[in-house]
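Have the viewer open as you read.

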Amino acid sequence: MSLDTARTSACATVATVAVVIPTWNRAGLLARALTNLARQTYPIERVIVVDNGGTDDSAAVATRAGARVISLPENMGFAAAVNRGIQEAAGTEWISILNNDVTLEPDWLAQVMAKLEGGKAWFATGKLFNAQARERIDGTFDAVCRGGCAWRCGHGRLDSPLWNKPRIIQLAPFTAAVFRAGVFDRVGLLDERFESYLEDVDFGLRCAEAGLGGLYVPEAVAYHEGSATLGRWHGDTVRKIARNQLLLVAKHYPQNWVLRYGWPVFVAQALWGIVALRHGAPVSYLAGKVEGLRQFRGVRGKPCAGFPAILERSEKEIREIQQLTGFDLYWRLYFALT
């Protein structure tokens, strides 16, 4: 089935869905994603590919597949690319954000929409497997600790009945998720100051602060290559994550955050620095922290009265899942020290 066929097969009783795929080079990955997307059993009204200043033939690949292409003049970051796609998707009821290195089971969208349509949830995500080791979880939903560091829950774990339980969630990763279009009117688009990495955690926190919850739908299965463009510990990746950990604190934490959360923030982000050191990226980590400190005051947001409860709940999720599946060394040390 082509993308055009998938779109025209929609009937009037089915909610309209647009799919946004941000991409930067790796035309082969994009071609595979578009071919896979055409096999979805749930009709898709339009597919929007945002070419983030790429230098290969990704735009031509997307055009041949029948997608609407937005070409940006340079790589403006994941957040900016997704925002352009969301704006282009105006008029649809639901918007799915999909990385170019994700492969969906044919019923992925149908499974998600079956839980979303007629319900009160504002977004949903499914179960992501590691594409190279399909018995292992790549991720499910996100959680963030008091220290400002996030965990893609289940990452690296073997699949088990634990991951087959639906649940209400606060934070949905933008790797593969579906959002009610109105959520962007309520809380705004992605914060482009984050560029790439943790921009979806920031967005999820804003949703939680606005009282807008989501769903984890384990029946919706997909496979993720993971950091297929730059690599998980590329210097630029480490720098941006290190910076954005501080930007999360600046934007969401209360005025007295140093007294209330200063020690967890120091522990979590220092431990993450040790992990970066082990992967040969200490300079990038330090550069990111310096950049984050320079931007800290300018990013400071208006504190939300309900944020401490949101943060405590999210950290509790991390602790409970780590206890059930076995503690990673990072989280064992974090909880021992805080």
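## Helix 8 against helix 9

Helix 8 (residues 235–252) packs on helix 9 (residues 257–278) at about 170°, their axes 11 Å apart. Axes here are lines fitted to C-alpha atoms over the stretch in contact, with angles from 0 to 180 degrees between N-to-C directions. That makes the two helices roughly antiparallel, a label for angles over 145 degrees. Helices are DSSP runs of H or I with at least four residues, strands are E runs of at least two, and both are numbered from the N terminus.

This is a predicted model, where local features need pLDDT of at least 70, side-chain atom pairs need 80 or more, and totals for chains, interfaces and linings use all residues. Residues are numbered from 1 along each chain as its sequence is written, and side-chain values use heavy atoms, without hydrogens and water.

## Who touches whom

On the helix 8 side you'll find V238, I241, A242, Q245, L246 and V249, meeting W257, V265, Q269, W272 and A276 of helix 9; contact means heavy atoms within 4.5 Å. Sorted by type, that's nine nonpolar residues (Ala, Val, Leu, Ile, Met, Phe, Trp, Tyr, Cys or Pro), two polar and no charged (Asp, Glu, Lys or Arg), with polar covering the others, Gly among them.

V238 also turns up beside S284: beyond four places in sequence, S284 contacts G235, V238 and R239. S284 sits in helix 10 (residues 282–299) and is buried at 19% relative accessible area (buried is under 20%, with a 1.4 Å probe and protein chains only).

## Two positive phi values

Most residues other than glycine have a negative phi. N25, in the loop between strand 1 (17–23) and helix 2 (27–37), has a positive phi of about 60°. L198, in the loop between helix 6 (182–187) and helix 7 (199–209), has a positive phi near 70°. N25 is buried at 16%, and L198 is buried at 13%.

Definitions and conventions:
Angles under 35 degrees count as roughly parallel, over 145 as roughly antiparallel, 65 to 115 as roughly perpendicular and the rest as oblique. Buried means under 20% relative accessible area, exposed over 50%, partly exposed in between (1.4 Å probe, protein chains only).
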